[in-house]
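Please keep the sequence and the coordinates at hand while reading.

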Amino acid sequence: MDDSVGSGSDPPWITAPEDGPPLERLRPVFSVYEAGVESERLVYYGVPKADPEAVLAELWPVFRECGYELHIERRHGGFALVAEPTSVGIDGIPWTNVVLFALTVVSTLFAGSMWYHIDPIAEPTEMWRAWPFTVAILGVLGVHEMGHYVMSRYHDVDASLPYFIPVPTLIGTMGAVIKMNGRMPDRRALFDIGVSGPLAGLVATVVVTVIGLHLPPVTAPETLVDHPDAIQLQLGYPPLLEWLAMAFDQPLYRDDPGTAVNPVVIGGWVGLFVTFLNLIPVGQLDGGHILRAMAGSYQRTIAALVPGALFGLAAYLYYLTDADGNAIAIWAVWGVFTAVLASVGPARPVHDESLGRGRFALGVITFVLGVLCFTPVPIQIVS
């Protein structure tokens with residue numbers, strides 16, 4: 001008899017672990033011949049009566065009712081159901097999240113002070129004046145991740161609070177992430193959790209951008225502007241940011257090279273750029289989750305084209321434009337990154353039924369909004 005399919009019943013002396021579901025609920029699809037507890041995990045050795053993925057889809061909600069996340073594994077030439085205890089919510093004070101958040105506040109104040117032309121080394125006590133920049137950056141990133149977190153709780157998927165990443169970059173951070181455990185119940189959960197972050201973050205980004213556009217611009221000291229070695233960072237503004245500026249009749253571009261938009265607008269720019277990057281439809285990125293929920297297994301075919309498109313963009317900027325190396329490097333690095341993500345693939349839901357029309361339409365709208373957040377030359381240095 002094939003070791004993946006069986007028709008026998010459980011031996012009468014087998015008893016289920018106390019915290020697990022009764023064997024009667026497993027018997028229709030899985031015949032158990034041994035059961036026990038291994039390091040708080042419930043393990044059932046037996047013979048599947050259907051394809052292992054079908055067994056997992058059938059029994060996953062049964063174990064979730066008992067507070068366990070179910071996996072099916074090959075062990076000792078056979079199969080085993082392995083159930084790990086899981087809980088949705090926060091257990092105690094998340095000190096790692098708190099410490100990383102505090103460090104990111106400091107790193108964004110440090111980076112933001114330079115956008116306000118404050119020397120954080122010579123005048124460390126003046127760094128606090130960059131607090132609007134810090135609030136803008138952490139606001140758009142935090143709202144994005146909390147969108148994922150709230151929707152994860154809604155669908156009873158175990159997720160951590162956001163982990164902010166303090167890094168000495170132009171904005172003081174490499175963003176924020178949440179850690180998700182276990183499998184997605186179905187495509188609806190995968191879609192909702194994937195789409196909630198970009199849409200929530202985009203709302204926060206629009207609010208931050210509009211506020212920043214109405215704040216006074218910053219002017220560099222004349223000694224800095226007239227310095228022979230002075231350089232200027234030029235940001236490429238995506239269409240959505242330019243449309244917001246036009247809608248509120250606020251200038252983005254100024255004739256005076258020493259005057260620039262308020263740094264809070266930079267926070268909005270970061271939010272738009274992060275939204276676009278997250279909506280790239282590969283692997284574990286938000287766009288990969290959304291497209292996997294919308295297109296099913298066809299997502300892998302589409303994702304395979306993305307790295308080539310990014311490498312093509314980098315080549316176009318290198319050969320046919322006067323863009324500096326920063327923009328070229330950005331898209332070349334993301335080409336490599338997306339190639340790795342595409343090879344790993346997206347999350348696979350337990351129940352893989354198709355989405356409804358409403359969610360599908362929302363997914364299309366979300367990708368269109370992502371395109372409006374794109375700019376081919378995000379940043380370049382001008383002498």
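The text below treats the sheet and its helix, and then the contact between the domains.

The model is a predicted one, and its domain assignment gives domain 1 (23–85) and domain 2 (95–382).

An open sheet of four strands is present, ordered β1-β2-β4-β3 with antiparallel pairing. Because β1 (30–38) and β3 (68–75) stand at the edges and have a single partner strand each, one side of each is left without a neighbour in the sheet. On average, and with direction ignored, neighbouring strands of this sheet are turned by 25° against each other. Strand β2 (residues 41–48) pairs with strand β4 (residues 78–85) in the antiparallel sense over five bridges, and phenylalanine 79 in β4 is the bridge partner of glycine 46. Across β1, β2, β3 and β4 lies helix α1 (residues 52–65), which runs at about 150° to β3.

| Side of the contact | Residues |
|---|---|
| Domain 1 | seven residues |
| Domain 2 | eight residues |

Between them the two domains bury about 670 Å², of which 56% is on carbon and sulfur atoms. On the side of domain 1, Ala57, Trp60 and Arg64 lose the most area to domain 2, together 56% of what that side buries.

Across this interface the rule finds one salt bridge, as well as three residue pairs in polar contact. Helix α1 gives the most to the side of domain 1 that touches domain 2, with six residues. Arginine 183 forms a salt bridge with glutamate 53, with the closest N and O atoms 3.9 Å apart.

Technical notes
Residues numbered from 1 in each chain as written. Predicted model: local features only at pLDDT ≥ 70, side-chain atom pairs only at ≥ 80, totals over all residues. Heavy atoms only, no water. Pairing = 2+ DSSP bridges. Helix = DSSP H or I, 4+ residues; strand = E, 2+ residues; numbered from the N terminus. Axes fitted to C-alpha atoms, helices over the stretch in contact; angles between N-to-C directions. Contact = heavy atoms within 4.5 Å. Domains from an automatic or database assignment. Buried area = accessible area lost by both parts, 1.4 Å probe. Salt bridge = Lys/Arg side-chain N within 4 Å of Asp/Glu carboxyl O. Polar contact = N/O pair within 3.5 Å; in protein donor to acceptor, adjacent residues only side chain to side chain.
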